[in-house]
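Subject: Handing over a structure

Dear colleague,

I am passing on the structure we spoke about, and below it you will find my notes on what turned up. Please read them with the model open beside you.

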Amino acid sequence: MTPSAEIDRIFRDEAGRALATLIRLVGDFDLAEEALQDAFAVALARWPACEMPDNPRAWLVNVARNKAIDRIRRQATFRGKQQQLVHELELDARADDDPPAMLDDDMLRLIFTCCHPALAAEVQVALTLRTVCGLSTAQVARAFLVGEEAMAQRLVRARQKIRLAGIPYEVPERDALEPRLNGALAVIYLVFTEGYVATSGADLMRPDLAVEAIRLGRLLDRLIPGRAEIKGLLALMLLHDARRAGRETGAGDIVLLEEQDRALWDRAQIEEGLGLVEAALRVPGRPQPYAVQAAIAALHARAPGWAQTDWPQIAGLYEVLLRISPSPVIELNHAAAVSMVDGPARALDLVNAIAARGGLDGYELLPAVRADLLRRLGRTQEARQAYVAATAATQLEPLRRLYARRLAELGV
Amino acid sequence: MQYLLLIYRNEAELSKMTATNREKMSAEYGAFTQSIIQSGNFKAGDGLQPTTTATTVRVRDGKILTTDGPFAETREQLGGYYLVEARDLDAAIAMAARIPGAREGSIEVRPIMIYK
C-alpha cells in the first residue's frame, strides 16, 4: 500500500470514532468536524515524511482538540467572552486518554444523534453516512444522486438543526431506547437496501453502501449486545449480501434467484448470517421483524436449489411477518411465496387484491410480480401488458433490460 | 434551552366539541400547566381567541395594510402556546407530547433564538 493510500484508509476507518470523541470534548458538531478536517490536513502533511503514530486515532483527536482550542481562541478574541476561556480549560482537563468503553459510548451517541427522529429520514441517512461512516460529502451526494453542493447544504442545515434545536448528544434512556433503536436500524437498512437494489441508474448494486450498512450493523451489535432486532438485521444484510456475486452477470444484467449459480454465493458470510439468525431467534420476547425476514433469507441460503427450497415454511414466515409488522410490500412477498406452494393462480388472486386496495400504487415491483405470475399461467397477452407497466415504473436500467428479455421471450 | 411549544388544532372541529368534553379538556390543560410550573419548566403560556378574531398587518410602501383573518389558511390553526425551559430537544418533545392538544392537533417545537 502506498503511504497516501494507507493514510486514506486510516482516515476512513478512524473518522467516525475520532469525530464521536471530539463532539463530546468540544460539545459542538460543527466545531468538531472542522477541527478534524484541520487534523487530517496536518496528518497529510506530516505522516508521509516521518513515522506514523502508534495510535492514529488518539493522535488525530489530540491534534483536532488543539485545533478546536485555536478556533475557540480566535472567536474569543473578538467576542471577548470569559465563558469561552472557561470552556477551553474544561477542554484541556477532559482530554486524557479515554478508556475503550468511553469510545464505544461516543460512537453510540453519534449514531443516535444522526438518527434522531427530529431530522428527516433522508437527512438521517446522509448524516450517518457522512459522520459515522466517514464517507466524503461527494460520496454521500453520489449515493443520493444529487450534486455535491446540494448535499453539502443539506448536511450543513442538519448540523445547524442539531445545534440550534438542542438535539442531545447522548444515548437515549431506557424507556426511550426501543423506538430510537428501531429508528437507527431503519436508517441502516435504508443504506443497505439502496446498496442492494439501487433506486435508479445504470448499476443494480452499490456494494459500497451495502458494506457500510453491514459495518454499522456489526458496530451496533457489538455496542448493544443481545438485542434480537440488531442481530436479525445484521443477519438479514449478511445473508442478502452473500448472494452478491451471483446476482448479476459480468455485463451487469440481473440474474434472478431461481437462475443463480449458488456456488458463487459467499459461504463464509452465509455461515455467519445463519449463526446470527439463530442467536436472534433465541432471544426471549416476541419475534422481531428483522429476525423473521432473516429467517426467510436463511431458508433460501440453505436450499441447494430453487425447486428444493422450503416454500411452505417461507410462506408461513411471511404470515408471521404479516401479523407482527403488516405492510403491502410483505403481502406482495407473501403472494410470491404462495405461488411456489399453491401455484400462480392463487398468488395472482392475492396480488390483484393488494392492487385493488391501492396500497402499492406506484410501487414498481407490483406490476413485475403480476407479470411473472401471468407469464407462468400462460396468459401471454396480459403478461405483456404487465411487463410494459413494470418497465415504465422503474428507473433502474438492469431491471428494464430484464423486462425487455421477458417480453422478447413471450414473443407475440 | 428555551422552547416555544405552539399548539395547532382544527378550529372547526373544536367548535363542535360538547360542553362536557370542553370542560374535560380545560381541566387537562390546567393539570398539565400546574405540573410544568411545579417542575420549574414553565416560563409562559396562553390560549388564543379563534382565528375569526385575527387581523393580519403588513406595511407596504409606508402604508399600513390590514386584512381580516390569519396570514395563511391552513387545516390546523394556532390556538395557544407554552414557553418552556428544557434541558434539550428530547425533554421539550416529551413535554410537548403531554400537552392535551397533541392528541388531536399537533405541537410545533421551536427553539428560542439566543442573541450573543
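Helices (H or I, at least four residues) and strands (E, at least two) are here taken as DSSP runs and numbered from the N terminus. On that basis chain A holds 19 helices and two strands. Please keep in mind that this is a predicted model, in which local features need pLDDT of at least 70 and side-chain atom pairs count only at pLDDT 80 or more, while totals for chains, interfaces and linings use all residues. Residues are numbered from 1 along each chain as its sequence is written, and chains are lettered from A and ligands numbered from 1 in the order in which they are written.

Chain A as a whole

The C-alpha trace of chain A spans about 80 × 45 × 40 Å along its principal axes. Of the 412 residues in chain A, 38% are buried, where buried means that 20 or more other C-beta atoms, placed from the backbone, lie within 10 Å of a residue's own, exposed means 12 or fewer, and partly exposed lies in between.

Helix 17 and its surroundings

Helix 17 of chain A (residues 365-376) has 12 residues, and at 1.5 Å a residue they should span 16 Å, which agrees with the 17 Å between its end C-alpha atoms; the expected span is 1.5 Å times one less than the number of residues. Because 10 of its 12 residues are buried, helix 17 of chain A is largely enclosed by the rest of the structure. Among these buried residues are Leu366(A), Arg370(A) and Asp372(A). The buried residues of the helix pack against helix 15 (328-341), helix 16 (344-357), helix 18 and helix 19 (397-410) of chain A, with contact meaning that the C-beta atoms of two residues, placed from the backbone, lie within 7 Å. After helix 17 of chain A comes Gly378(A), whose phi is positive, near 75 degrees.

Ala393(A) belongs to helix 18 (residues 380-393) of chain A, and it counts as partly exposed because it has 16 C-beta neighbours inside 10 Å. Leaving aside residues up to four places away in sequence, Ala393(A) touches Glu364(A) and Pro367(A).

The sheet of chain B

In chain B, four strands form an open sheet in the order 2-5-1-6, with antiparallel pairing; two strands pair if DSSP finds at least two bridges between them. Strand 2 (42-47) and strand 6 (106-111) of chain B are the edge strands, each pairing on one side only. Strand 1 (residues 2-9) and strand 6 of chain B are joined over six bridges in the antiparallel sense, and Ile7(B) stands opposite Ile107(B) in strand 6.

A loop residue, and the contact between the chains

Asp61(B) lies in the loop between strand 3 (55-60) and strand 4 (63-68) of chain B, and it counts as exposed because 5 C-beta neighbours lie inside 10 Å. Although Asp61(B) is not a glycine, it has a positive phi of about 50 degrees. Most residues other than glycine have a negative phi.

The contact takes six residues from chain A and five residues from chain B. The side of chain B that touches chain A has three nonpolar, no polar and two charged residues, where Ala, Val, Leu, Ile, Met, Phe, Trp, Tyr, Cys and Pro count as nonpolar, Asp, Glu, Lys and Arg as charged, and the others, Gly among them, as polar.

With best wishes
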